[in-house]
Amino acid sequence: MVKMVDTMQPDYHFQHKHIFGIDQLSVQDILHILATARSFREISSRPIKKVPTLRGKTIVNLFFEPSTRTRLSFEIAAKRMSADTFNISASTSSATKGETLIDTAKNIQAMNPDVIILRHSSSGAPQLLAKHIDASIVNAGDGAHEHPSQGLLDMMTVMEHKGRIEGLKLAIIGDIAHSRVAVSNIIGFTRMGAEVCVAGPQTFMPAEIGRLGAEVCRSVQDAVRDADVVMALRIQLERQNDSLIPSLREYSRFFGVNRKLLELAKEDAIVMHPGPVNRGVELSPDVADGRRSVILDQVTNGVAVRMALLYLVLGGNKAGEGQGENR
Ligand code: CP
């Protein structure tokens, strides 16, 4: 059982300068981030979507892998809090001329940014960077290791729709082996007291997955049966050297989340996907766009969660502080 704590207790302080993964966060940290994100969410629906909270701060998005949601929502989050933001992608950086990640980071550090948000294909790249520079590092996805802001926005979305995480059954279906989203969600949801069941092709199931706290189901039907939340994952073709499935058509037939499979879940079960969705592969289009789908809520909550993370790593502390006009 998770002991729910009062995130506003006076002796609690968020103490993380860097966000490398959900694994470094306690239950209290997670609750505090989610409470802070909820306090920021309303800013995005104001006519003037800007508060001065991070005025004068410099935030660099350093993305060595493609991204739509994560990069844009970190940038929107920073701008809504009046920080100055700059974007560097692999294809337009001097990494294409042979510069190493550490040299790139040291050169960025010489311009004195406050936060570097890093997406990289190598697991552990954010920790490596943090050893060499002074700025806060926020992991925006590193190899198959973790995608902490995705895990947090997923928890925020489930809290919003279910009112709790503890005691829920979460089914995660698909390419578990290559998915940093799966790792962050297994760690986060189990830490918060949910039951997490994973299912997918044998070739997509890492041997050590049980160590993270997930139950490995023999079939997608077993995983989805009586689930409160069904999360489909994208097949990460970019992280596979060999073809691990016979064909996408076969994958869709046996492991795709469709209306028939969802009949096994609870009547009020919600459907999630971190995006980008391969329509007709992991999710049938009618499910992706259907009444149970909360995929776009996940994206909306991504901005609030990323506002909270930037605020907290830069020293903000109290949930609820963020919404005032003068912050
Ligand atoms: N969910 C996610 O990380 O999406 P992007 O790759 O578009 O950032």
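Visitor: What is the relative accessible area of Asp 23, and does that make Asp 23 buried, partly exposed or exposed?

Guide: Happy to! Asp 23 has a relative accessible area of 47%, so Asp 23 is partly exposed. The classes, computed with a 1.4 Å probe on protein chains only, are buried under 20%, exposed over 50% and partly exposed in between. Please keep in mind that this is a predicted model, where local features need pLDDT of at least 70 and side-chain atom pairs pLDDT 80 or more, while totals for chains, interfaces and linings use all residues. Residues are numbered from 1 along each chain as its sequence is written, and side-chain values use heavy atoms, leaving out hydrogens and water.

Now to the partner of Asp 23. Side chains of opposite charge can pair when their charged atoms come close. Here Asp 23 forms a salt bridge with Arg 191, their closest N and O atoms being 2.9 Å apart. Asp 23 sits in the segment before H1 and Arg 191 in helix H6 (residues 180-191), so this pair ties together parts that are 168 residues apart in sequence. Helices and strands here are DSSP runs numbered from the N terminus, helices (H or I) with at least four residues and strands (E) with at least two. Arg 191, with a relative accessible area of 27%, is also partly exposed.

A salt bridge means a side-chain nitrogen of Lys or Arg within 4 Å of a carboxyl oxygen of Asp or Glu, and by this rule the count comes to 12. One of them joins Asp 228 and Lys 266 (3.0 Å, N to O). Those two lie 38 residues apart, Asp 228 in the loop between H7 and E8, Lys 266 in the loop between H9 and E9. Asp 228 counts as buried because its relative accessibility is 5%, whereas Lys 266, at 34%, is partly exposed. There is also a network of salt bridges linking Arg 71, Glu 75 and Lys 79.

Back in the segment before helix H1 (27-41) you will find His 16. At 18% relative accessibility, His 16 counts as buried. Its side chain makes polar contacts (N or O atoms within 3.5 Å, one able to donate a hydrogen and the other to accept it; residues adjacent in sequence count only if both atoms are side-chain atoms). The partners include the side chains of Gln 24, at 3.2 Å, and Asp 29, at 2.9 Å. Leaving aside neighbours within four places in sequence, His 16 is in contact (heavy atoms within 4.5 Å) with residues including Leu 25, Leu 312 and Val 313.
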